[in-house]
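Trainee: I'd like a close look at a single part of this model, please. Could you walk me through it slowly?

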Amino acid sequence: MLQNKQKNKTEMRHRDQSGKERKSKHGTLLTIIFTIISVLYMYPIVLVFINSFKKKAYISKYPFKIPTGNMYVELENYIRGIERTGLIEAFGWSMFITIGSVAAIIICCSMCAWYISRVHTKVTKAIYVMCLFAMIVPFQMEMYTLSKVANMLKLGNPWGIILIYLGFGAGLSIFMFTGFMKSIPLEIEEAAMIDGCTPIQTFFKVVLPITKPTCVTVTILQAMWIWNDYLLPSLVLDTKKWKTIPIAVQYLKGGYGSVDMGAMMGTLVLAIVPIIIFYLVCQKYIIEGVVAGAVKG
Amino acid sequence: MEKAIKRYFPVFVLPTMIAFTIGFIAPFLLGVYLSFCKFTTVTDATFIGLKNYMKVFEDPTFIHSMWYTALFTIVTVLLINVLAFAVALLLTKGIRGTNIFRTVFFMPNLIGGIVLGYIWQLLLNGVLAIFGRTLTYSSVYGFWGLVILMCWQQIGYMMIIYISGIQNIPGELIEAAKIDGANAKQLLRYVTLPMVMPSITICTFLTVTNGFKLFDQNLALTNGAPSKMSEMLALNIYNTFYGRTGYEGVGQAKAVIFFIIVGVIAVLQNKLTTSKEVQQ
């Protein structure tokens, strides 16, 4: 195997050198240009990182200077950021809400989607049409009434918000699941049923495993949205008791007259780092999920 | 089989439907109804007909935010799609480091709007400080600041979609065009563009709706300053609800109008670009 690969590589190099001299020069130039653009692209994040080690009074004044001498403050900004916003707890709640909501969406919506793609009645058709409709309604349309309804039903806690996210994410998720499930051959399920499976067993043992790629796509799309969502939790949650990360960041801005830039920088870095790590680990799935989601959406 | 499954309605459909009703249907219907009412909480609503809607159009900040949003959407849709497509074209040529560049360009998408807003506030205010200005000096700065932010965030996402579109073009098609003597420009115009039309449909749809619904970034970057001049529609609606007591009904009417605008644009845009897609 390995030898073969190496052979292939040398062969390819030969071809590059002999045939496409001009094109490879072109490629090098492009690589250089893109390297420069990439560095610039990362600059805003790097800038925040640099400023997170600067004394707060200097941040707005000299944002582009490297913190040295009396500008440098070790981890002070991070500590203050965590203390002021309760960021560690917010991280925990963000995790809880995101994982809980996505799990609920995957299980409930795939079940619902299977039902409406296998049972053809007026009710199931109406559900499908409503899901399509839900996809284009902007959140502002629902914002006020949703917060009131949630308040009335006492859903202003992390458990209640999972229910709301399930309802809100149902449109897109059911749409994507039904799209995939329509393409699964019925014979497989029929065979399972003849062998004595109940519909519930058939679904969990036969259908759900086949649906895995769609599950990944839905997970990625919903997790990206729910993790970063600010408005819905800020309106529905009792933010004195529970904060998510976006709420914690915004909290630094509100309440005080002038913003503590030091704490802000520390908080921003802490908000970004886990996402970047997660991204670098699961990059393949994220990009695949986005592509698949776009094709079906 | 259908009959056997049908009996399981409560297990399969009911949980989702309860959540869907609480999270979507009830607030939606209530919202439509309340847009015709005067209220401060949901329970004291009295029907007043179209008065809220008339008040909406007397509100100069709403009209302003509408134009501001429309202009913003046009500019970002054009910029993001053209740039994302160009980057996608270059990154499908197999140059060295393609994977790294793709990774870098996509990264800002995963960072939430609020965080992005504050990152760019620092950078843009730093740059503008050289000229003795700030982002909130005039709505023009806020506008272009937001445009840059949105481009930075979304080019990567759209690029990914375009790349997959370009990679899906069958190789024979390009070969055939080359044999027929098409040059690079013709290849792009008559082969690549028509073949990636589905991707263009999706990307314009996404950028249009993202532009219109933009909220978090607007809130974090300028929060409408100076004096609501850089306020976009979504933020304007939010401020009407939570910034002025007694205006909840007007806010809801604005929300209904907002929904209609977004809905009409989404449908129109989809029809327009889908009609240009070629059958494969």
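How many residues does the contact take from chain B, and how many from chain A?

Mentor: Happy to. The contact takes 83 residues from chain B and 93 residues from chain A, where contact means heavy atoms within 4.5 Å. A word on the ground rules first: this is a predicted model, in which local features need pLDDT of at least 70 and side-chain atom pairs count only at pLDDT 80 or more, while totals for chains, interfaces and linings use all residues. Residues are numbered from 1 along each chain as its sequence is written, chains are lettered from A and ligands numbered from 1 in the order in which they are written, and side-chain values use heavy atoms, with hydrogens and water left out.

Back to the part you asked about. Chain B and chain A bury about 8100 Å² between them; buried area is the accessible area (1.4 Å probe) that two parts lose on being put together, summed over both. Carbon and sulfur atoms account for 81% of that area. On the chain B side, F12(B), L110(B) and L122(B) lose the most area to chain A, and together they make up 10% of what that side buries.

What about charges and polar groups? The count between chain B and chain A is 0 salt bridges, a salt bridge being a side-chain nitrogen of Lys or Arg within 4 Å of a carboxyl oxygen of Asp or Glu. The rule does find 13 residue pairs in polar contact across this interface, both residues at pLDDT 80 or more. A polar contact is a pair of N or O atoms within 3.5 Å; within protein, one must be able to donate a hydrogen and the other to accept it, and residues adjacent in sequence count only if both atoms are side-chain atoms.

Helix 3 (residues 14-34) of chain B provides the largest share of the side that touches chain A, with 15 residues. Helices (H or I, at least four residues) and strands (E, at least two) are DSSP runs, numbered from the N terminus. By class, that side of chain B has 62 nonpolar, 14 polar and 7 charged residues. Here Ala, Val, Leu, Ile, Met, Phe, Trp, Tyr, Cys and Pro count as nonpolar, Asp, Glu, Lys and Arg as charged, and the others, Gly among them, as polar.

Now the partner. Chain A has 14 helices and 0 strands, and buried residues make up 51% of its 297 residues; buried means under 20% relative accessible area, exposed over 50%, partly exposed in between (1.4 Å probe, protein chains only). One buried example is T217(A), with a relative accessible area of 4%. T217(A) sits in helix 11 (residues 212-228) of chain A, and T217(A) touches M176(A), G289(A), A292(A) and G293(A), leaving aside residues up to four places away in sequence.

Chain A is also divided into domain 1 (2-75) and domain 2 (80-296), with bounds from an automatic or database domain assignment. The centres of these two domains, taken over C-alpha atoms, are 33 Å apart. Between them, 7 residues of domain 1 are in contact with 8 residues of domain 2. The area buried there is about 720 Å², with 81% from carbon and sulfur atoms. V48(A), K56(A) and I59(A) lose the most area on the domain 1 side, together 55% of what that side buries. Across this domain interface the rule finds 0 salt bridges and 0 residue pairs in polar contact.
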